[in-house]
Amino acid sequence: MTSSEPSPHAARYPAGALAFPHRDLLGIGQLERHEILFLLDEAEQWVALNRQRSKHVDALAGLTIINAFFENSTRTLLSFEIAGKRLGADVVNMHAAQSSVKKGETLIDTAITLNAMRADAIVIRHGSSGATGLIADKVDCPVLNAGDGQHEHPTQALLDALALRHALRERGEAADDFTGQTIVICGDILHSRVARSNLLCLQALGASVRLCAPPALMPVGIEAMGAEVFHDFDAALDGADVVMMLRLQSERMSGQFIPSAREYHHLYGLTKIRLAKAKTDTLVMHPGPMNRGVEIDSDVADMIDRSIITRQVEMGVAIRMSCLDVLTRRARGVEGWGDAA
Ligand code: NCD
């Protein structure tokens, strides 16, 4: 299948650009359920391509994608780079540590500079919530949020949904959406953009979401977003279909949020004994990077039949290919998506 052919589930959303009417991907909060499904369905062709020996198409040939990362990253940066290259684009990575940002250049000046170089898509990770939105206002091309502070990390939530869909389908469950699934997200919810984007995405796809954290790491009033709040991990796990573990985001903490890593592990670490309190086939997820022995034990993270953590990484490339392909269709003049810019 090429990127201009309709998605396999085209009947469930409008055709052409109406299936995804946004110029940028700044957060899951901006998306309708059918727009999320569209990006997931479009990713399926890239999952298939990525499993072949030859993984290259020329859909984005001639386009320049700039990955501007103002925060550290392994998985996200690498997978955006691989995604752009497999689609045939020229990909350039800008690391803040080596850029003029260190010389005091403002975010807006950096954005204007990237724009003047005529990027066709800009992927941004930044430590401040809302930074990607600020840049999107200043540039002429699509902007993809690769994580902004504690706000959102939309491609992570999309890849998590794709990984879960694949795992459920392999078990013979109809995983068109996640209606009937109870999903626990446990860890440093307060500082996590992954928790926020996943809460929005999983709920949009029909799941019941339980958030679990010590009181100091749970945002006040989060119940208003429709999640069930737990401070007792064992209670949260009771009857759960999926448990997603999150790292303690120490780099965002000012002051002491937990007594010690040892005590945190005792109360909130996912051990084999604790996992046994959920269902016999509960799936385990983690966006990485993992702190083994703190929020998750190695013998749980590496469980072949239960952990889908490496599957999440695999799906990361396909989802980012899907997002880059869809967001550049208008500029490429793909039929039904408007005139080439
Ligand atoms: C997450 C992030 O950067 O927000 N990681 C990732 O993108 N794979 C989660 C984290 O850093 O803990």
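**View 1. Residues around the ligand.** The ligand is surrounded by R75, T76, R125, H153, Q156, R193, V194, R247, Q249, P287, G288 and P289. A residue counts as near when one of its heavy atoms lies within 4 Å of the molecule. This is a predicted model, in which local features need pLDDT of at least 70, side-chain atom pairs count only at pLDDT 80 or more, and totals for chains, interfaces and linings use all residues. Residues are numbered from 1 along each chain as its sequence is written, and side-chain values use heavy atoms, with hydrogens and water left out.

View 2. A polar contact is a pair of N or O atoms within 3.5 Å. A side-chain N or O atom of H153 is 2.7 Å from a ligand oxygen. Q156 places a polar side-chain atom 3.5 Å from a ligand nitrogen. P287 uses a backbone N or O atom, 3.0 Å from a nitrogen of the ligand. Alone, the ligand exposes 320 Å², and the protein buries 94% of that (Shrake-Rupley method, 1.4 Å probe).

**View 3. The ligand between two domains.** Domain 1 (10-153 + 314-332) and domain 2 (154-312) both give residues to the shell, so the ligand lies between them. The domain bounds come from an automatic or database assignment. Helices α2 (75-86) and α6 (193-204) each supply at least two shell residues (helices are DSSP runs of H or I, at least four residues; strands are runs of E, at least two).

**View 4. A cis peptide bond.** G288 and P289 are joined by a cis peptide bond, with omega about -5°. P289 lies in the loop between β9 (283-285) and α10 (298-301). Most peptide bonds are trans.

**View 5. A positive phi.** R118 is not a glycine, yet its phi is positive, about 60°. R118 lies in the loop between α3 (107-116) and β3 (121-126).

Key: Polar contact = N/O pair within 3.5 Å; in protein donor to acceptor, adjacent residues only side chain to side chain.
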